[in-house]
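I opened my notebook to go through this protein piece by piece. Each entry records one thing I looked up.

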Amino acid sequence: MQEEAPKTPRSRRSEGTRPDLRPQLPWESSDMRILSIDGGGIRGILPAAVLALCEERFCGGRSAGEFFDYIAGTSTGGIIALGLSIGMPASAILEIYMKHGAEIFPPRRQYRQPFVRKILSTWHFMRNLNQYRYERDALERSLTQTFGQRLLGHAERRLVIPSFDEYNEVHLFKTPHHPDYQRDWKERMIDVALSTSAAPTFFSTYRNGDRHFADGGVWANNPVMTALVDALACFEIDRRDIQILSLGCVESDFAFSQDQMTKGGIWQWKEIISSAMRLQSQNALGQAGLLIGRDHLLRIDGEPMQDAIALDDYHRAAGELPEIAEHLVGLHSDKLADFFAQPRPSFGALHGPRHAAVE
């Protein structure tokens, strides 16, 4: 059911931005490890499976999240990041995707007759022009079972989770790892998860408090720079002391078609959002590589597919992506082993329930 529009929010989030440089905190360790996880709908099976395999091979029974100081995640990647931040094993997160994926993205009935498939495909396309595709109930139930009433302030890893609100302003949910970050720790994890994963056309926007939120993948599907910039702004650390593991969800292969080059128009460019997400990812990886060096950035993703797995195609994702994950972990085994060689301490929260516990 479509939610009632909220009252006008009291203020824009950007109104609270400090005009000067953020005071940097000392960084106690000799290096910093960042994990970045792309958005990709049910294709989140791929990074979850990669991390689950790393746990099996390198982590000695620990959660993969325990080996990183920062975790950034967008949309499905944000859900994985939240789970890792409270010590959930990636294998348990993967099990949620495999067990509940078909419930969250119920498959359409398949018909053998070509003309029936064509009619139904056209009908679904026309319907989706004016209405979101899925109800959120199954996803919300699954996330409620996973996170309960935990707050973002309960996270033990520094988190950066992209979304955007009804003002069309970018929004980063952040843990209280800097004195300036005083608000987001009060957010329930389930609200953060549903805010970052409210993918346009698939789900309605998500009402969280006095605002509506939509999927962070619209502007930061690859969130690697959101974490890197935050780390450099918040802490006194040399950029060459930062190592980043960036996990993708299999990008779509994209090239200009003849009609796009000669005709243009909305119809010819109807899939532009997929290419925009891929280009944003390339740009973010390029920027991160320039800042810390590409030798300090490991990107793991499947080869772009011409016949791409749809964001809501559970059966293809569940059938194909675990095997791709196995191949990728084998291919990058030596470099992955380095990331999981030494657990990292949980961060000292400066606000919220963990801060009170420390005191």
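**Entry 1: one residue to start**

Which residues does Phe340 touch, not counting residues up to four places away in sequence? I found Leu51, Cys54, Phe58, Cys59, Ala64, Phe67, Phe68 and Leu245. Contact here means heavy atoms within 4.5 Å.

**Entry 2: ground rules**

I noted that this is a predicted model, where local features need pLDDT of at least 70, side-chain atom pairs count only at pLDDT 80 or more, and totals for chains, interfaces and linings use all residues. Residues are numbered from 1 along each chain as its sequence is written, and side-chain values use heavy atoms, with hydrogens and water left out.

**Entry 3: the overall count**

I looked up the helices and strands. The protein has 14 helices and ten strands. Both are DSSP runs, numbered from the N terminus: helices are H or I with at least four residues, strands are E with at least two. Next I checked burial. Of the 359 residues, 50% count as buried. Buried means under 20% relative accessible area, exposed means over 50%, and partly exposed lies in between, with a 1.4 Å probe and protein chains only. I also checked contacts between residues at least 6 apart in sequence. Of these, 81% join residues at least 24 apart.

**Entry 4: the cores**

A nonpolar core is a set of buried Ala, Val, Leu, Ile, Met, Phe, Trp, Tyr and Cys residues joined through side-chain atoms within 4.5 Å. The largest one has 67 residues. Leu35, Leu51, Leu84, Leu245 and Phe340 touch the most other members. Helix α1 (residues 45-58) gives the most to this core, with nine residues. Another core lies apart from it and has 23 residues, among them Ala72, Tyr181, Met225 and Ala231.

**Entry 5: helix α2**

How many residues of α2 are buried? I counted ten of the ten, so α2 is largely enclosed by the rest of the structure. They are Thr76, Gly77, Gly78, Ile79, Ile80, Ala81, Leu82, Gly83, Leu84 and Ser85.

I took Thr76 as an example. Thr76 belongs to helix α2 (residues 76-85). Its relative accessible area is 5%, so Thr76 is buried. Leaving aside its neighbours within four places in sequence, Thr76 is in contact with Asp38, Gly39, Gly40, Gly41, Gly44, Tyr97 and Cys249.

**Entry 6: the two ends of α2**

Ser75 sits in the loop between β3 (70-73) and α2. Ser75 has a positive phi of about 55 degrees, although it is not a glycine. I made a note that most residues other than glycine have a negative phi. At 7% relative accessibility, Ser75 counts as buried. Just after α2, Gly87 takes a positive phi of about 90 degrees.

**Entry 7: α2 against α5**

How do these two helices lie? The axes of α2 and helix α5 (residues 137-147) come within 11 Å and cross at roughly 20 degrees. That makes α2 roughly parallel to α5. Axes are lines fitted to C-alpha atoms, for helices over the stretch in contact, and angles run from 0 to 180 degrees between N-to-C directions. Angles under 35 degrees count as roughly parallel, over 145 as roughly antiparallel, 65 to 115 as roughly perpendicular and the rest as oblique.

**Entry 8: Ser163**

Ser163 lies in strand β4 (residues 158-165). Is Ser163 buried or exposed? Ser163 is buried, with a relative accessible area of 0%. Ser163 and Ser75 are 88 residues apart along the chain, but their C-alpha atoms are separated by 8.0 Å. Leaving aside neighbours within four places in sequence, the contacts of Ser163 include Val170, His171, Phe173, Ser195 and Trp219.

**Entry 9: strands β9 and β10**

Strand β9 (residues 242-247) and β10 run parallel, joined by four bridges. Two strands pair if DSSP finds at least two bridges between them. Ser246 stands opposite Arg299 in β10. Both faces of β10 (residues 297-300) are covered. Leu297 and Arg299 are buried on one side, Leu298 and Ile300 on the other.

**Entry 10: helix α8**

Helix α8 (residues 224-234) is mostly covered, with eight of its eleven residues buried. Met225 is found in α8, and at 15% relative accessibility Met225 counts as buried. Not counting residues up to four places away in sequence, Met225 touches Ala284, Gln287, Ala288 and Leu291.
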